[in-house]
Amino acid sequence: MMRKPCAQRKALLHTPIPLKRRSPVIPFAEALQIVLTHARPTERVEQVPLLAAYGRTLAEALVAAENIPIANNSAMDGYAVRSADVGNAEQCHRAPLRVVEVLAAERASTRTLGPGEAMKIMTGAPIPPGADAVVMVERTRAEGRTVWIEAPAQAGQHVRPAGGDMRAGQRVLPAGTRLEAAHLGLLASLGHAQATVAARPHVGVLATGNELVPPEQTLSAGKVRNANSYTLCALAEAAGAEVEFLGIAPDDRPSLAATLRRELARVDVLVTSGGVSMGDFDYVKHLVAELGLNVHFREVNVKPGKPVVFATQGARLFFGLPGNPVSSMVSFQQLVRPALRKVQHARNTGLRTLRAAIGEPYSKGDGKRHFLRGMLSTDGDGRPRVRLTGAQDSNILTSMGRANCFVVLDEACSAVAPGDAVDVQLFEGEDFAAVQGPAE
Ligand code: AMP
Ligand code: MG
């Protein structure tokens, strides 16, 4: 390719090329693919204490170094016996056995159980040599140093085998697992006081707009309180990021350029809201190219959230989200969240998806993918059902506040009728089982 003379190149940089030619509206699937291609799993991996590991993403597979449990042990409080001694205890006569030892959970007997002998054993205590079954205490009667066994015992009864939970060498958790409570228990059980997790991406959240004021400020006509910084910071945190609130930048081209340059040098992922649409003061979408970033797309065929800029600079990611409060949240959840999850090595980068019957009709004729705000619950039969939560305009935040999911209607869908099955994406942290019943 021919290099352009410097002056000409410089002039080009400062005269935005008509956006229509530079940035076609691309399908959502393509946009997501582009984002995921550029969001590479971080090489920064850290060891964190288990108490700080909840919600972090495992950077390497967890492989069991030993059997858990380490030895055969009792599943019951009762008596360790030789099954041959008590096999027919129930039918005709109860079997009296001599109690030779009492085994607390931590006690491993060195003595071998002989014929006619039993050891009192607590749940978790290792099965003594010679014993092959446990009779629960409720099926016995003790008399001094003798115990009467009142139930038969098969070999292996109430014995938890060594390695019954995890076998030495078994891959217990794959890399990319988001650590939930049970996973921390698995790590602890296998002797890990720390977890090897992907570093959290440092995400800066910057609101742009001359009209924006902080929440504590009184409104006057033309002013809007900055809502996006708070929704986006929360979503970034929920996606596992280390979030930095960068405040509000005015729609002033030189100062906005300086702010973007400064923050891009500091963070791994910069997320802005506003300034990417068709307005005269929408500078963000021009500035990222002027600052030398590689702009991958500027418009995606979705509703809400069509104007959205994705650009990269090496491993650094830039997302210019639209200003309308719902649009910015939708864009975040659909494009930024997957990137943040992928950077953290996550195996699953999307929201949990299921099918549900929609409660009301909805039609669309624009060939876009729509993300509607919905409340997922169950109907009387326990089947998933989703109702829209109100007006779907991109500035109506109240319907987002009532929602626990997105209803996704793809490009080809032109209408749905009540009862039709639709794709639903459950918001992070929302428990489907806990939202039974109709939306208020
Ligand atoms: P823009 O994309 O900059 O044209 O903004 C579109 C709409 O979103 C305008 O009505 C803005 O006032 C509104 N908006 C932009 N940024 C925010 C924000 N941080 N919080 C709430 N509303 C916003
Ligand atoms: Mg604006």
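The legends below describe close-up views of a predicted model.

In this predicted model, local features need pLDDT of at least 70 and side-chain atom pairs count only at pLDDT 80 or more, while totals for chains, interfaces and linings use all residues. Residues are numbered from 1 along each chain as its sequence is written, chains are lettered from A and ligands numbered from 1 in the order in which they are written, and side-chain values use heavy atoms, with hydrogens and water left out.

Glu211 places a polar side-chain atom 2.6 Å from an oxygen atom of the ligand, whereas Gly323 takes part through a polar backbone atom, 3.2 Å from a nitrogen atom of ligand 1. A polar backbone atom of Asn324 is likewise 3.1 Å from an oxygen atom of ligand 1. On its own, ligand 1 has 490 Å² of accessible area, of which the protein covers 77%; accessible areas come from the Shrake-Rupley method with a 1.4 Å probe, and for residues only the protein chains shown count as cover.

**View 1. Helix H5 (residues 181-189) and its buried face.**
Helices (H or I, at least four residues) and strands (E, at least two) are DSSP runs, numbered from the N terminus. In H5 the buried residues are His183, Leu184 and Leu187, where buried means under 20% relative accessible area, exposed over 50% and partly exposed in between (1.4 Å probe, protein chains only). Seen down the helix axis, these buried residues fall within an arc of 100 degrees, so they line one face of H5; the arc is that of the directions from the helix axis to the C-beta atoms. Ala181 and Ala182 are exposed, on the face of H5 turned away from its buried side. The cover over the buried residues of H5 includes strands S3 (62-63), S12 (171-173) and S13 (194-198), and just after the helix Gly191 takes a positive phi of about 90 degrees.

**View 2. Helix H6 (residues 228-238) and the elements that cover its buried residues.**
The buried residues of H6 are Asn228, Ser229, Thr231, Leu232, Cys233, Leu235 and Ala236, with Cys233 at 14% relative accessibility. Among the elements covering them are strands S14 (202-208), S17, S18 (269-273) and S22 (316-321), together with helix H9. Just after H6, Gly240 has a positive phi of about 100 degrees.

**View 3. Glu242 in strand S17 (residues 242-249).**
Glu242 is partly exposed, with a relative accessible area of 46%. Leaving aside neighbours within four places in sequence, Glu242 is in contact (heavy atoms within 4.5 Å) with Arg200, Pro201, His202 and Val203.

**View 4. Thr42 and His345, two residues in loops.**
Thr42 lies in the loop between helix H3 (28-38) and strand S2 (45-49) and is buried, with a relative accessible area of 12%. Not counting residues up to four places away in sequence, Thr42 touches Ala198, Ala199, Val343 and His345. His345 belongs to the loop between helix H9 (325-343) and strand S23 (352-358), and this histidine has a positive phi of about 70 degrees although it is not a glycine.

**View 5. Backbone geometry at Pro69, Pro304 and His158.**
Most residues other than glycine have a negative phi, and most peptide bonds are trans. The peptide bond from Ile68 to Pro69 is cis, with omega near -5 degrees, and Pro69 sits in the loop between S3 and strand S4 (73-74). Lys303 and Pro304 are also joined by a cis peptide bond, with omega about -5 degrees. His158, in the loop between strands S10 (146-149) and S11 (159-160), has a positive phi of about 55 degrees and is partly exposed at 26% relative accessible area.

A disulfide is counted as a pair of cysteine sulfur atoms within 2.5 Å. The cysteine sulfur closest to that of Cys405 is in Cys413, 15 Å away and too far for a bond. Cys405 is buried, with a relative accessible area of 0%.

Definitions and conventions:
A polar contact is a pair of N or O atoms within 3.5 Å; within protein, one must be able to donate a hydrogen and the other to accept it, and residues adjacent in sequence count only if both atoms are side-chain atoms.
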